[in-house]
Amino acid sequence: MKSIGVLTSGGDAPGMNAAIRAVVRSGIYYGCKVYGINRGYNGLLEEDFEEMNLSSVGDIIHRGGTILKSSRSDEFKTPQGRIKAAKILQKHNIDCLIVIGGDGSFIGASKLSELGIATIGIPATIDNDLAYTDYTIGFDTAMNTVVDAISKIRDTSSSHERVNIVEVMGRHCGDIALYAGLAGGAETIVVPEEPINIDDIAFRLKTTQKRGKRHSIILLAEGADSAGNLKGKLEEASGLDLRVTILGHVQRGGSPTVFDRILASKLGVRAVELLLDGVSARVVGIKDNKIVDQEIVEALSQKKNFDRDIYEMAKILSI
């Protein structure tokens, strides 16, 4: 009988609970003991474990956040901290570890695998910034949250004939802004992958105003610029009065969409099956609608490609 530990690390994402549920129930189905590790790698170092059963994950598939909590751990980032973590897992006879999180969490899993702990990573981050997989758990829900917010902001922008900058998450990857902007009908999308042309945005705003549409939505990924800074530049260039809305952590919350629940379930089951097959140091994902797995180091070395075709299409549709 294998013993599997599962933890969530880094920023929380809607669908993490669905992944935890899949790991626990499929692990038990295959005859394993499953231990939930609270508060990520920090909880691992503090030996904050609990054996989970079928009831432990009842009624959580629809809940946002993570029942196992999440936190950062500076100690785990050190070689001594990782050695301590590996010894703790061995002390508790936990053979395998499933890590649900993003790239930083996967690096930790890779380091533990080098110390003899079998590890598998499940991608869960709203930013969708992992190149090896088409989608990460939580991205679809975050997009829907942003689109809903855009619709509400557009109502008041239209009433007051205003231009509104809506700042969303995405430090290095602009996927939330790109896809939510397209789906929400934003007039301008600003992402870190593309240089900001203030004169072009100002020209588009003034052109829109001249044809009688006096309200616009500018969707801004936080990694491209701050909303306040962009507001100042555009007001100077266009002569218009702009408003700012920063969505912040509201994007991380909420009940996961059907897509995220199904994706998390598939990835959770696959992670358990890989461990039972003796596989380690890999991450699972989805590519061309098929569940795939890849070595952690190889997966993290890939560069995320920005979908410039979607970006150009959004510009065409927003004229």
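1. Start with helices α1 and α9. In this predicted model, α1 covers residues 16-29 and α9 covers residues 258-276. Their axes come within 7 Å and cross at roughly 35°. Axes here are lines fitted to C-alpha atoms, for helices over the stretch in contact, and angles run from 0 to 180 degrees between N-to-C directions. The crossing is right-handed, meaning that the near helix is turned clockwise from the far one by less than a right angle. Helices are DSSP runs of H or I with at least four residues, strands are runs of E with at least two, and both are numbered from the N terminus.

2. Which residues make this contact? From α1 come A18, A19, A22, V23, S26 and G27, and from α9 come R261, A264, S265, G268, V269 and V272. Contact means heavy atoms within 4.5 Å. The residues divide into 7 nonpolar, 4 polar and 1 charged. Ala, Val, Leu, Ile, Met, Phe, Trp, Tyr, Cys and Pro count as nonpolar, Asp, Glu, Lys and Arg as charged, and the others, Gly among them, as polar.

3. Now look at α5 (residues 139-160) and α6 (residues 175-184). Their axes come within 9 Å and cross at roughly 50°. The two helices are therefore oblique to each other. Angles under 35 degrees count as roughly parallel, over 145 as roughly antiparallel, 65 to 115 as roughly perpendicular and the rest as oblique. This crossing, too, is right-handed. On α5 the contact includes F139, M143 and R154, and on α6 it includes D175, Y179 and G184. The contact residues divide into 10 nonpolar, 1 polar and 2 charged.

4. Check the loop between β10 (282-287) and β11 (290-295), where D288 sits. Phi of D288 is near 55°, a positive value in a residue other than glycine. N289 lies in the loop between β10 and β11 as well. N289 has a positive phi of about 65°, and it is not a glycine either. D288 counts as exposed at 65% relative accessibility, and N289 counts as exposed at 65%. Exposed means over 50% relative accessible area, buried under 20%, and partly exposed in between (1.4 Å probe, protein chains only).

5. How many disulfides are there? The count comes to 0, with a disulfide taken as a pair of cysteine sulfur atoms within 2.5 Å. The sulfur of C96 is 7.3 Å from the closest cysteine sulfur, in C32, so that pair is too far apart for a bond. C96 is buried, at 1% relative accessible area. C173 is also buried, at 5%.

6. A word on method. Residues are numbered from 1 along each chain as its sequence is written, and side-chain values use heavy atoms, with hydrogens and water left out. Local features need pLDDT of at least 70, side-chain atom pairs count only at pLDDT 80 or more, and totals for chains, interfaces and linings use all residues.
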